[in-house]
Amino acid sequence: MNAKNSNPSYLEYVSKISPKTNEKRSLFRAFWVGGTICLIGQAIRFALEFFFGLYGDILSGTTSIILVGIGSFLNGLGVYDRIGKYAGGGSIVPITGFANSVVSPAMDFKTEGFIYGLAAKMFFIAGPIIVFGVIGSVAVGLIYYVVGLFF
Amino acid sequence: MSTTLFFKNKPAIIATSTICGPKESQGNLAEYIETKILDDTFGEKTYEKAECKMLSFTIEKAIENAKLSLDEIDCLISGDLLNQIISSSFSARRLDVPYLGVYNACSTMSEALLLSAAMIDGGYMKNVACATGSHFSTAERQYRYPLELGSVRPPQAQWTVTGAGCAVVSSKGGFLPRITTATVGKVTDFGVTDANNMGAAMAPAAFRTLVNHFEDTGRSPEYYDLILTGDLGALGSRLLKKLCDDKGINVNKNHVDCGEMIYNIDEEEYQGGSGAGCSAVVLNSYVYKRMLERKFNKVLFIATGALLSTLSTQQGESIPSIAHAVAIENGVNYD
């Protein structure tokens, strides 16, 4: 009988010799790729403001829609997943990463049919982001409301 | 208690066949692989269908190489990594032969060889086809994230081999490599929870089976020309050597790992190959051919498997692993 499923000295040795992620490199790549995506977003925003005279919520909404559109398109072409492999978090955090997380399962699971494959699996990565995004914004809204009662 | 089977009639591996995807076909063993496909969908609509087609293709090819017809195959023993081993079962549907589906993750090849040798040695069967395969894209879809997501792989990760291998084991053999003994592994778990670090999870299982094999047979590591582990990868191999060193067993001279051999690691394979197809391809291509040439005469094949599922990982379970050892030898007891 060997009921104990743990060997601390072995685990210690494993973590000692396992290769570590190169943090400096990962951070640098994430920084410049993520930053570039945000710069492009900002450029789109300025362009919409100056040439089309958009402002406020309509301006930010339109900018997001354009970025999501570009992200999805690049994902369909197989370009965005390459950017993702290179940049890691730098491609996930901007809104184009959200587009990628919806489009990639939709493309991958379409072989299992449009309803049970594409549609059902579409949000399997983005689902948690939406859930916690909604909960987070509700929480922040409540705090804002309560703080506003006193000040 | 002994966990080793000693085969009296010593069944022979009379023929093999292998098939590989584009990446493996450019690897270190390219010249030994029988069928190389340039398109990893193999002309099919889905990767799952491609995996199944590769498996049935290589089974048919091995049977052809053995100069047997499908009617002469008493049993197909096969397994793969997909849920409910569909690639194997669907291959068996296509080939219409008696079928035993087996699953021990990436150690399925050695499990199949062990079972076929026992069936033949006992006189119940004459010719048995043993096959396993895997596909990078189906494994990614099932175990990890969608392919198009482009997620970053950690440096301790391995790369699932797109390939399949089949060996035909037979009671009639002549001067061919024979299966002489086999050690059934025990499920071993040292508490590794990182599903990206399969090598670390499986090394203890390989170590335990090695120790049991040497104790049961009275052999030492020097007895073998080659101790061939399944898919521990570079990191797992280092861990296995460390475990052996601590126990006073020296495998440094003759241990190699299929996962380390298959790719000329240049980009994202990191620690090497993995998957049921990894050991099946290496054993049935390079190693078998070298045995026929008498370059290797005594090989101990220990394919290792991580017995986890996506569910067990999400529920916080550590990764139990297994390894079965099969000794394949030249020049023994010819009739």
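**Entry 1: a salt bridge in chain B**

I looked up B:E140 and B:R144 and found their side chains joined in a salt bridge, 2.6 Å from N to O. The rule I used asks for a side-chain nitrogen of Lys or Arg within 4 Å of a carboxyl oxygen of Asp or Glu. Side chains of opposite charge can pair when their charged atoms come close. B:E140 is buried at 8% relative accessibility, and B:R144 is partly exposed at 29%. For these words I keep to set limits: buried is under 20% relative accessible area, exposed is over 50%, and partly exposed is in between, with a 1.4 Å probe and protein chains only.

A note to myself on what I am reading: this is a predicted model, in which local features need pLDDT of at least 70 and side-chain atom pairs count only at pLDDT 80 or more, while totals for chains, interfaces and linings use all residues. Residues are numbered from 1 along each chain as its sequence is written, chains are lettered from A and ligands numbered from 1 in the order in which they are written, and side-chain values use heavy atoms, with hydrogens and water left out.

**Entry 2: salt bridges across the sequence**

How many salt bridges does the rule give over all chains? I got 11.

B:E329 pairs with B:R219, and their closest N and O atoms are 3.4 Å apart. B:E329 sits in strand β14 (residues 321–329) of chain B and B:R219 in the loop between α5 (198–217) and β10 (226–229), so this pair ties together parts 110 residues apart in sequence. Helices here are DSSP runs of H or I with at least four residues, strands are runs of E with at least two, and the numbering starts from the N terminus. B:E329 is buried, at 1% relative accessibility.

I then turned to B:E48, which forms a salt bridge with B:R141 at 3.1 Å between the closest N and O atoms. This pair also links distant parts of the chain: B:E48 is in helix α1 (residues 47–65) and B:R141 in helix α4 (residues 136–143) of chain B, 93 residues apart. Are B:E48 and B:R141 buried or exposed? B:E48 is buried at 19%, and B:R141 is buried at 10%.

**Entry 3: where chain A meets chain B**

I followed B:R141 to the other chain, where its side chain meets that of A:E112 in a salt bridge (2.8 Å, N to O). The rule finds 2 salt bridges across the interface of chain A and chain B. A:D108, A:E112, B:E48 and B:R141 are linked in a network of salt bridges.

The contact, meaning heavy atoms within 4.5 Å, takes 30 residues from chain A and 30 residues from chain B. The size of an interface is often given as the accessible area lost when the parts come together. I noted about 2500 Å² buried between the two chains, 61% of it on carbon and sulfur atoms. That buried area is the accessible area (1.4 Å probe) lost on putting two parts together, summed over both. In chain A, the residues that lose the most area to chain B are A:Y10, A:K85 and A:D108, together 25% of what that side buries.

**Entry 4: spaces in the model**

I found 1 cavity of 30 Å³ or more by the rule. On a 1 Å grid over the protein atoms alone, a cavity is a set of points where a 1.4 Å probe fits but cannot get out; a pocket is an open set with protein on both sides within 12 Å along at least five of seven lines; lining residues have an atom within 4 Å of a point. The largest cavity has a volume of about 30 Å³, and its lining includes B:I13, B:T16 and B:M291. Which element gives the largest share of that lining? It is α8(B), with 5 residues. By class, the cavity lining has 6 nonpolar, 2 polar and no charged residues.

The second largest pocket has a volume of about 350 Å³. It is lined by 18 residues, and A:R25, A:S26, B:V152, B:R153 and B:Y270 lie nearest its centre. This pocket lining divides into 6 nonpolar, 6 polar and 6 charged residues.

**Entry 5: two positive phi angles**

B:K10 has a positive phi near 45° although it is not a glycine. B:K10 lies in the loop between β1 (4–6) and β2 (12–20) of chain B and is buried at 17%. B:D96 has a positive phi too, near 60°. I placed B:D96 in the loop between α2 (86–95) and β5 (99–101) of chain B, where it is exposed at 67%.

Key: Grid points are joined across faces, edges and corners, and a volume is the space filled by probe spheres set on the points. Ala, Val, Leu, Ile, Met, Phe, Trp, Tyr, Cys and Pro count as nonpolar, Asp, Glu, Lys and Arg as charged, and the others, Gly among them, as polar.
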